[in-house]
Amino acid sequence: MTALLPEGYHDRLPPYADAAASVEARVLEAARLHGYERADPPSIEFAEALGSRLKAGGLHDAVRFVDPVSQRTLAIRPDLTAQVARIAATRMGHHPRPVRLSYAGTVVRLRGSELAPAREWRQIGAELIGLDSTAAATEVVRVAVEALVAAGTTGISIDFTLPDLVDLLAAGPLPVAGGQVAALRDRLDAKDAGGVAAIAPEYLPLVEAAGPFATAMERLRAFDTQGVLTSRLDALDAIAAALGEGVAMTLDPTERHGFEFQSWLGFSLFVAGPPREVGRGGTYTIFHEDGAEEKATGFSLYADAIVATAPPTERRRLFLPFGTEPAAGASLRAQGWVTVQALEEGDTPEAQLCTHILTNGQPQAIAG
């Protein structure tokens with residue numbers, strides 16, 4: 001017998017497990033208040049179905065195995081977005097658009113990374129199925145920010161990106177030599193000016209276009225001499241205006257890592273404390289079984305990332321001495337107290353991690 005867990009997995013102990021559950025509940029409530037209703041897909045699906053709904057990423061880093069019943073390949077979900085897309089396209093295909101769905105569940109990935117070594121996450125999010133317009137994107141970004149505020153975070157910032165920027169330019173005013181588009185995307189993502197110059201030097205201004213939102217927008221508009229990006233840049237300005245001054249904003253137009261299935265808009269969410277993003281979102285396309293395509297917009301947050309560097313949830317536990325009448329405990333719980341009943345005479349408040357004790361019928365704080 002061993003207490004060790006596989007690499008990338010860990011137990012969630014109190015008070016952090018309680019804090020993560022609280023984050024999840026508050027994020028879902030923020031989404032519910034905007035009309036996003038809860039969907040709860042299973043943790044395992046047929047791998048083929050899971051990987052066929054989105055442009056890319058549905059099976060990225062998925063743990064796969066053969067089902068002993070059907071003898072078909074199954075996958076443990078590495079992300080819930082593809083599952084919500086399946087639900088919207090099939091079980092809720094008859095529903096008037098747009099469909100607003102929220103979700104929360106555990107996702108498992110085949111491998112972690114140096115920056116995010118965990119292989120199991122608790123993912124929470126919301127998807128707006130049927131639209132990827134400026135209005136839809138604005139709503140989703142605002143809901144994501146409100147969810148982070150509801151979760152108790154501070155120092156919220158958003159880094160926007162334009163995932164299909166290179167494809168759009170290469171198909172229009174700035175064609176790229178055959179077979180070089182993917183390499184150009186990679187070099188721009190890595191901010192490799194030398195690599196970009198070797199493939200298509202006319203794209204070099206995009207390397208310098210990343211930074212504070214207003215500055216980056218000025219550089220992009222100056223770069224867009226033929227107006228190909230006007231609609232996207234106008235949409236970004238509208239989203240930024242809707243957020244106001246309470247959220248810090250940056251723009252990295254060629255960022256691609258983690259946005260493999262997003263279309264014209266992607267964004268990463270950051271808060272004070274955690275060293276990396278606590279969520280991502282953007283616009284994407286859902287593929288239906290009949291070959292039809294449907295636009296969508298959404299975001300996902302990760303409770304573990306939000307809670308990881310936050311202070312532990314403050315315990316406020318009231319110790320009920322041995323023999324306390326059940327009715328007294330019920331009355332105190334109705335007032336909002338967390339009560340811990342002593343089950344034997346030798347039990348103590350300290351042993352039960354209590355902050356208060358019931359004395360003469362009244363809660364009293366425990367010194368120290």
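A search of the whole structure, which is a predicted model, finds 17 salt bridges, a salt bridge being a side-chain nitrogen of Lys or Arg within 4 Å of a carboxyl oxygen of Asp or Glu. Because this is a predicted model, local features need pLDDT of at least 70 and side-chain atom pairs count only at pLDDT 80 or more, whereas totals for chains, interfaces and linings use all residues. Residues are numbered from 1 along each chain as its sequence is written, and side-chain values use heavy atoms, with hydrogens and water left out.

**Exercise 1. Describe the salt bridge between R12 and D304, and say where its two partners lie.**

Step 1. The side chains of R12 and D304 meet at 2.8 Å, taken from N to O.

Step 2. R12 belongs to the segment before α1 and D304 to helix α10 (residues 303–308), so that the pair links distant parts of the chain, 292 residues apart. Helices (H or I, at least four residues) and strands (E, at least two) are DSSP runs, numbered from the N terminus.

Step 3. R12 is partly exposed, with a relative accessible area of 32%, while D304 is buried at 15%; buried means under 20% relative accessible area, exposed over 50%, and partly exposed in between, with a 1.4 Å probe and protein chains only.

Step 4. R12 and D304 are also linked with E120 in a network of salt bridges.

**Exercise 2. Examine the salt bridges R97 with E294 and R221 with D234 in the same way.**

Step 1. The side chains of R97 and E294 meet at 2.6 Å, N to O.

Step 2. R97 is partly exposed, with a relative accessible area of 29%, whereas E294 is buried, with a relative accessible area of 11%.

Step 3. For R221 and D234 the N to O distance is 2.9 Å. R221 sits in helix α8 (residues 213–223) and D234 in helix α9 (residues 230–243), 13 residues apart.

Step 4. R221 counts as partly exposed at 33% relative accessibility, and D234 counts as partly exposed at 40%.

**Exercise 3. Is Y36 buried or exposed, and with which residues is Y36 in contact?**

Step 1. Y36 is found in the loop between α1 (16–32) and β1 (37–38).

Step 2. Y36 has a relative accessibility of 1%, so Y36 counts as buried.

Step 3. When neighbours within four places in sequence are left aside, the residues in contact with Y36 (heavy atoms within 4.5 Å) include R100, L101, S102, E139, V140 and V143.

Step 4. The side chain of Y36 makes a polar contact with the side chain of E139 at 2.6 Å. A polar contact is a pair of N or O atoms within 3.5 Å; within protein, one must be able to donate a hydrogen and the other to accept it, and residues adjacent in sequence count only if both atoms are side-chain atoms.

**Exercise 4. How many residues of helix α3 are buried, and against which elements do they pack?**

Step 1. Nine of the nine residues of α3 (residues 81–89) are buried, so this helix is largely enclosed by the rest of the structure.

Step 2. Among the buried residues of α3 are T81, Q83, R86 and I87.

Step 3. These buried residues pack against several elements, including β2 (44–46), α2 (47–50), β5 (99–108) and β6 (120–129).

**Exercise 5. Characterise the interface of domain 1 and domain 2.**

Step 1. The domain assignment, whose bounds come from an automatic or database source, gives domain 1 as 10–154 + 260–313, domain 2 as 164–255 and domain 3 as 317–365.

Step 2. The centres of domain 1 and domain 2, taken over C-alpha atoms, are separated by 26 Å, and nine residues of domain 1 are in contact with nine residues of domain 2.

Step 3. Domain 1 and domain 2 bury about 790 Å² between them, 78% of it on carbon and sulfur atoms; buried area is the accessible area (1.4 Å probe) that two parts lose on being put together, summed over both. In domain 1, T134, T138 and W264 lose the most area to domain 2, together 48% of what that side buries.

Step 4. Across this interface the rule finds zero salt bridges and one residue pair in polar contact, both at pLDDT 80 or more.

Step 5. On the side of domain 1 that touches domain 2, the elements giving two or more residues are α4 (134–150) and β10 (262–270), with the largest share, six residues, coming from α4.
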